[in-house]
Amino acid sequence: MSETPDPLWDPALPGDEALQRLTSLLGAYRYAPPSDHAWSIRPARIPRERRRRIMLAGAAALAACVAGLAVWMPWRLQWQDGRQWVIDTKVASLPAALDVGDTLTTDAGQAAMVKVARIGRMELTPGTRVKLLDTRAGHHRLELVSGRVRARIWAPPGYFAIAAGTSETIDLGCEFEMDRDLHGNGAIHVTSGWIMHRVKGQETLVPAGSSLAFNAERGGIPITTTASIGFRKAVEQLDSAMTQGMRPPDFEQEVADQATSSDRFALLSLLTRYPALASGPIYPKLAELLGEPIEVSHREAWSRGSVHAMNSWWERMPRPPKAWWLNWQDALG
């Protein structure tokens, strides 16, 4: 860098003719503060009594907000037994509301948005049929007969659920998509929070970013949408074989070989559903991905179906399910 003095940065130095001419032309626009003006870096002092009034006003406003929220939240969650759900649609052939026992069907090219009491919204895509089963404070249930729905719910866990034949998808404070065909086969994809899928006594947690396939008899293993095709196929093959009472070692090894860090939840779900798999290669693979040591006593306890042994690793997964009360934007929808 040159150390030569530069008149551009030091106005005390004489400049060339062009610089002097520019300085003369621009000089008329130079700011000249009043002679009695004094600059100070100290902020203006607020009188003590005024500060006290400001603090009291702020505290009062906060107290009013808290009191209003305490009244508003219970109102938001309350719902009269059997009260209609409002249907937001521009299709003239669709009804404006849905009663308990009624069926709502969208034809090809039609779509509808249903307000789930005061706790959320559910979109019906074209070619979808749903039936409202029950609605009251803390308990809202409908059936997806066929088609696809997208639900966004703001409520405590268990307030909202969708039946699909013998299965039930229970909202744990989330956003999810669900589809089902006329044969009872379907899938659920969770985009936010968690859901619990229940069918014939089998319960499966599905977190955000994962999908679950199901049929009239059972639900599959939740798998992340980023899982490789090889891992997905290996899990489906192993799950199907275990359901039929078989345990092909090649499938177990393939699952372990294909698993990555993002597949930990699927491995944990497999080992929980089939504790005997803890004696195979999936257990050490999950231990590696969780950063857990392989302890013989823990592994043997897991193989025997010890809930305590399973919980110690479940606690390593992100918990708890989505805090629904923090999603205040949903409540304003």
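In this predicted model, strand β6 (residues 128-136) pairs with β7 in the antiparallel sense, and seven bridges hold the pairing.

With strand β8 (residues 160-164), by contrast, β7 pairs in the parallel sense, over four bridges. Arg 141 has Ala 161 as its bridge partner in β8.

Ala 117 lies in the loop between β4 (112-116) and β5 (120-124). Although Ala 117 is not a glycine, its phi is positive, at about 50°. Lys 200 sits in the loop between β12 (194-199) and β13 (202-207), and this residue, also other than glycine, has a positive phi near 50°. Are these two residues buried or exposed? Ala 117 has a relative accessibility of 10% and therefore counts as buried, because buried means under 20%. Lys 200 has a relative accessible area of 54% and is therefore exposed, since the cut-off for exposed is over 50%.

The next element to consider is helix α3 (residues 229-243). This helix has 15 residues and reaches 21 Å from its first C-alpha to its last, close to the 21 Å expected at 1.5 Å a residue. Its buried residues are Phe 231, Ala 234, Val 235, Leu 238, Asp 239, Ala 241 and Met 242. Because they cover an arc of only 165° around the axis, they lie on the same side of α3. What do the buried residues of α3 pack against? Their partners are β15 (223-224), α4 (249-258), α5 (264-273) and α6 (282-290). On the other side of α3, Ile 229 and Lys 233 are exposed. After the helix comes Gly 245, with a positive phi near 85°.

Side chains of opposite charge can pair when their charged atoms come close, and the structure holds 16 salt bridges. One of them is formed by the side chains of Asp 88 and Arg 121, at 3.6 Å from N to O. This pair links distant parts of the chain: Asp 88 belongs to strand β1 (residues 85-88) and Arg 121 to strand β5, 33 residues apart. Asp 88 counts as partly exposed, at 43% relative accessibility, and Arg 121 is partly exposed as well, with a relative accessible area of 28%.

A salt bridge also joins Glu 177 to Arg 150, with their closest N and O atoms 3.2 Å apart. Again distant parts of the chain are linked, as Glu 177 is in strand β10 and Arg 150 in strand β7, 27 residues apart. At 24% relative accessibility Glu 177 counts as partly exposed, and at 33% Arg 150 does too.

Asp 239 is in helix α3, while Arg 218 is in the loop between β14 (210-214) and β15, and the two are 21 residues apart in the chain. Are these two residues buried or exposed? Both Asp 239 and Arg 218 are buried. Elsewhere, salt bridges that share partners join Glu 123, Arg 148, Arg 150, Glu 177 and Asp 179 into one network.

How values were computed: Residues numbered from 1 in each chain as written. Predicted model: local features only at pLDDT ≥ 70, side-chain atom pairs only at ≥ 80, totals over all residues. Heavy atoms only, no water. Buried < 20%, exposed > 50% of the residue type's maximum accessible area, 1.4 Å probe, protein only. Pairing = 2+ DSSP bridges. Expected span 1.5 Å × (residues − 1). Arc of directions from axis to C-beta. Contact = heavy atoms within 4.5 Å. Salt bridge = Lys/Arg side-chain N within 4 Å of Asp/Glu carboxyl O.
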